[in-house]
Amino acid sequence: MKRATTKRVMVGGVPIGGGSEVTIQSMLNVPCADVKGNVEQAKALQRVGCQIIRAAIENREAVRLIDAVKSAVDMPFVADIHFDYRLALEAVAAGADKIRINPGNIGDEGRVRQVVSACKAKGIPIRVGVNSGSLERQILEKYGSPTAEALVESALYHVGLIERCDYDNIVVSIKSSSVHKMIESYRLMAEKRDYPLHLGVTEAGTARMGLLKSAVGIGSLLLDGIGDTIRVSLTADPIEEIAAAKDILRVCGLRRGGVNLISCPTCGRTRVALIPLAQQVEKALQEVDKPITVAVMGCAVNGPGEAREADIGVACGDGCGLIFRKGEILEKVPEEQILTTLLSYIEKL
């Protein structure tokens, strides 16, 4: 795919936009007062592949999270600020690598100028975050509802506030809980400006529906070449957000690490317990970072022929399985040995 050309912004040592890889973000959800808990969650998120971490800075006490988290992990820290511009100033002074604000809710232009001035002094990017619930009254009255055009107009207004301060170190997000509206908004924004875009479906839902909405919304835009960094928002453990984000990037061809598992949906020809077998293989390969395709097929119809491009796989028969590599049969094993034999071949790849 041809990716949209966007401005390159550095968040700590991590580039966003300008042709760099699409980065994965998440947000800490431990209460701000629990510094140790936040640090442990940040460590866990880094271990599974999070590249940029964000936390809500809701009061002055929460500012101490910045140094604590940055001292424990090698990830840039984004301070999420609403309403109180002074918290943004304190977050910058404390070492935040990016500030997320909605300029419209932190006060008049004078306050915005103070935040921009502080960020400019340290070269810290600002993410302008707009969503359906944050639109200005006059924009809502103009459009009647939070349409894509309304969201983009709001984002451009906020971007303009920062640009008038002679600063363009900006990332933009325009999120909605409506997948259609989210896609339309980002496409429209990509036509108008070249700032890097932070993709996400806000308030997407629980692990199941949130993943589906995010896959459709984020995935559609990525396949259009739009998007520079993503956050999959789930009402779940943030660890699940990282796994989901990595899977979306792999499916879109933007990440090569990890195993691509293909398996057939089963039918009346299936003669082994294929569903649990596929689940066991998937679980066993979660921590494997080899860029390979593994096939678990239920019969000769969906066997070595259909999955001939797989690096390794199994085509199951009546109580047995044919282990194959690139369509070539390697050996036949009884059903109870399929999992261990298949994993043994994978280990050798």
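Helix α1 has 13 residues and reaches 19 Å from its first C-alpha to its last. This is close to the 18 Å expected at 1.5 Å a residue; the expected span is 1.5 Å times one less than the number of residues. Helices (H or I, at least four residues) and strands (E, at least two) are DSSP runs, numbered from the N terminus. The model is predicted: local features need pLDDT of at least 70, side-chain atom pairs count only at pLDDT 80 or more, and totals for chains, interfaces and linings use all residues. Residues are numbered from 1 along each chain as its sequence is written, and side-chain values use heavy atoms, with hydrogens and water left out.

Confidence was examined next. pLDDT is the predictor's confidence in each residue, from 0 to 100. The chain has a mean pLDDT of 91, and 98% of its residues reach 70 or more. Confidence is lowest in strand β11 (residues 260-263), with a mean of 89. It is highest in β10, at 98.

The buried residues of α1 are V35, N38, V39, Q41, A42, A44 and L45. Buried means under 20% relative accessible area, exposed over 50%, and partly exposed in between (1.4 Å probe, protein chains only). These α1 residues pack against β3, β4, α2 (64-72) and α9. Contact here means heavy atoms within 4.5 Å. After the helix comes G49, whose phi is positive, near 115°.

Q41 lies in α1. Its relative accessible area is 15%, so Q41 counts as buried. Neighbours within four places in sequence aside, Q41 is in contact with L28, N29, V30 and P238. Q41 and V30 are 11 residues apart along the chain, and their C-alpha atoms are separated by 7.8 Å.

P238 is also one of the buried residues of α9. Seen down the axis of α9, the buried residues fall within an arc of 165°, so they line one face of the helix. The arc is that of the directions from the helix axis to the C-beta atoms. An α-helix has 3.6 residues a turn, so residues three or four places apart point the same way. The cover over the buried residues of α9 includes β3 (23-27), α1 (35-47), α8 (207-223) and β10 (229-230).

The 14 residues of α9 (residues 238-251) should span 20 Å at 1.5 Å a residue. The end C-alpha atoms are 20 Å apart, which agrees. At the start of α9, a side-chain oxygen of D237 reaches to within 2.9 Å of the backbone nitrogen of I239. Just after the helix, G253 takes a positive phi of about 75°.

R54 lies in strand β4 (residues 52-56). With 6% relative accessibility, R54 counts as buried. Its side chain makes a polar contact with the side chain of D80 (2.6 Å). A polar contact is a pair of N or O atoms within 3.5 Å; within protein, one must be able to donate a hydrogen and the other to accept it, and residues adjacent in sequence count only if both atoms are side-chain atoms. Beyond neighbours within four places in sequence, the contacts of R54 include S26, M27, R100, R127, K175 and R231.

The largest nonpolar core has 76 residues. Such a core is a set of buried Ala, Val, Leu, Ile, Met, Phe, Trp, Tyr and Cys residues joined through side-chain atoms within 4.5 Å. I57, I81, I99 and V172 have the most contacts inside it. Helix α6 (residues 148-163) gives the largest share of this core, seven residues. A second, separate core of 26 residues includes L277, L285, V294 and Y345.
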